[in-house]
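Okay, thanks for coming, everyone.

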Amino acid sequence: MKEWYDAIQEAQSVERLEEIRISVFGKKGVLAAEFVKMKKAPNEEKATIAKELNTHKANLMSEFTVRKIVLQTQELQKAMQAEAIDVSLFSTSSQAGALHPVMETMDRIVEYFSSMNFAVKTGQIVEDDFNNFEALNLPKYHPARDMQDTFYFKDEMLLRTHTSPVQIRTMMNTKPPIRMIAPGAVFRRDYDLTHTPMFHQIEGLVVDEAGKVSFANLKFILEDFLKYMFGDVKVRFRPSFFPFTEPSAEVDISCVFCEGEGCRVCSKTGWLEVLGCGIVDPNVFEAVKYKDVSGYAFGLGVERFAMLIHHIGDLRSLFEGDIKLLEQFQ
Ligand code: PHE
C-alpha cells in the first residue's frame, strides 16, 4: 500500500491524480482486489484484515482529497498567471473615438440656428396627450393623428412623436417673442428602410407680434440653412398639410446624389424632401393663450440629413452600432 501513498504525494497534475484514484478506488482497483483476496483468508484473520484495509481506504482518501485541492489551486494559479493582463500598459494601437454621424449632424444643425440667435430647448420624452397632440390642433379621434403612429402608455401618456410639444411647453411658460429650436429623440411605431421606432428631430419656432413674422422670413431662413448644410443646392417649397400650421409647406432640395438629373434615391424626380414647415395655426396660439401674435414653425429629421450628407442608403444601419460603418466617420 505504501507505494500508493507515495504515488499520491508525487502526483504533479490533477490528471495524474485521477489515474491514481481509478487504480486505487476503482471497481478493478487495488483496494477492491485486496477485499477479494481477504475472502480467501482464514476466518479468524478476516476481521483484522478488513479493519486494516478500511483504515488504508480512509487514509488514502483523505490524502487524495488534500492533494487534489493543492494541485487544483496550483493549476488555477498557473492558468491565471498565463492569462494575466497588465492593465497599466499603454496600447500601441489606440483608436480615437468619434461622434456618431447622427450626433455630428445634430450638432451642425444646432450650430447654425444658434448662430441665428435661436435658443435651444429640450423637453421630456414621455409626454401627455395635450402637449403632443391636443394643443397642436390635433384633437382626439382626428384622422391626422394617423400620420404619427404612436406608442401609448396608460393615463393618456405617450412617447412623444415629434419635438413640437417642447414648443407648446415653452409657449406656456414664456411670453412672446420666442425664437427657439427643439432637438431630441422622438418615437413612432414604424420600421423599414427609411423609418426606425426612434429617431431625432429638430423643430423650430419663431413667434412675435401680429404681422411681424411672415412666410418670407421662414423661406429666407430655411433656404439659408439648407445651403449651409448641403452647399449649392436648389430649394423649393411645395404646398402641404400639417394640423399645426396654415399654410403649410414641404421643402425639397435638388437631389444631392444626381444633382437633379433623376436617380433611384430621388425616385427620378431630381428632388429630395427634407423639411416640413408653415405659419403657426391660430388654434395653436389659442391653446397656449397667446393673443395678437404671428409665427412660423418647421421640423426636420436628423437621420435623414445625416444619410443625405454621408450618402448612407439604409437608415437602420445608423442604429446597428457596426464598428466598420462607424469607423468611416472618424
Ligand atoms: N411636427 C412635424 C412632424 O413631426 C414637423 C413639422 C413641424 C411640420 C413644424 C411643420 C411645422 O411631422
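So, who lines the second largest pocket? Its lining residues split into 4 nonpolar, 3 polar and 6 charged. Keep in mind that what you're looking at is a predicted model. The volume of this second largest pocket comes out at about 220 Å³. There are 13 residues lining the pocket, and the ones closest to its centre are Asp 129, Lys 140, Tyr 141, Arg 145 and Tyr 152.

Okay, helices next. Find α4, which covers residues 43–82. We'll look at two of its partners.

Start with α2, residues 14–25. How do α2 and α4 pack? Their axes sit 10 Å apart, at an angle of about 165 degrees. Angles over 145 degrees count as roughly antiparallel, so that's what we call α2 relative to α4. The crossing of α2 past α4 is left-handed. On the α2 side, the contact is made by Val 14, Leu 17, Arg 21, Val 24 and Phe 25.

From α1, the residues involved are Trp 4, Tyr 5, Ile 8 and Gln 9. They meet His 56, Asn 59, Leu 60, Glu 63, Phe 64 and Arg 67 in α4. The tally for the α1 and α4 contact is 5 nonpolar, 3 polar and 2 charged.

Let's move to another pair, α5 (residues 101–115) and α8 (residues 215–230). Their axes come within 11 Å and cross at roughly 140 degrees, so α5 and α8 are oblique to each other. What's the handedness of this crossing? α5 passes α8 in a right-handed crossing. The α5 residues making the contact are Thr 105, Arg 108, Ile 109, Glu 111, Tyr 112 and Phe 113. Across from them, α8 brings Ile 221, Asp 224, Phe 225, Tyr 228 and Met 229. That contact of α5 with α8 has 7 nonpolar, 1 polar and 3 charged residues.

As background, most residues other than glycine have a negative phi, and most peptide bonds are trans.

So where are the cis ones I want to show you? One joins Pro 176 and Pro 177, with omega at about 5 degrees. Pro 177 is in the loop between α7 and β4. Another cis peptide bond joins Glu 246 and Pro 247, and there omega is about -5 degrees. You'll find Pro 247 in strand β7, residues 245–254.

And then there's Asp 155, which isn't glycine but has a positive phi, near 55 degrees. Look for Asp 155 in the loop between α6 and β3.

Conventions. Residues numbered from 1 in each chain as written. Predicted model: local features only at pLDDT ≥ 70, side-chain atom pairs only at ≥ 80, totals over all residues. Heavy atoms only, no water. 1 Å grid on protein atoms, 1.4 Å probe; cavity = no way out; pocket = protein on both sides within 12 Å on 5 of 7 lines; lining within 4 Å. Points joined across faces, edges and corners; volume = space filled by probe spheres on them. Nonpolar A, V, L, I, M, F, W, Y, C, P; charged D, E, K, R; others polar. Axes fitted to C-alpha atoms, helices over the stretch in contact; angles between N-to-C directions. Helix = DSSP H or I, 4+ residues; strand = E, 2+ residues; numbered from the N terminus. Parallel < 35°, antiparallel > 145°, perpendicular 65-115°, else oblique. Left-handed = near helix turned anticlockwise from the far one by under 90°. Contact = heavy atoms within 4.5 Å.
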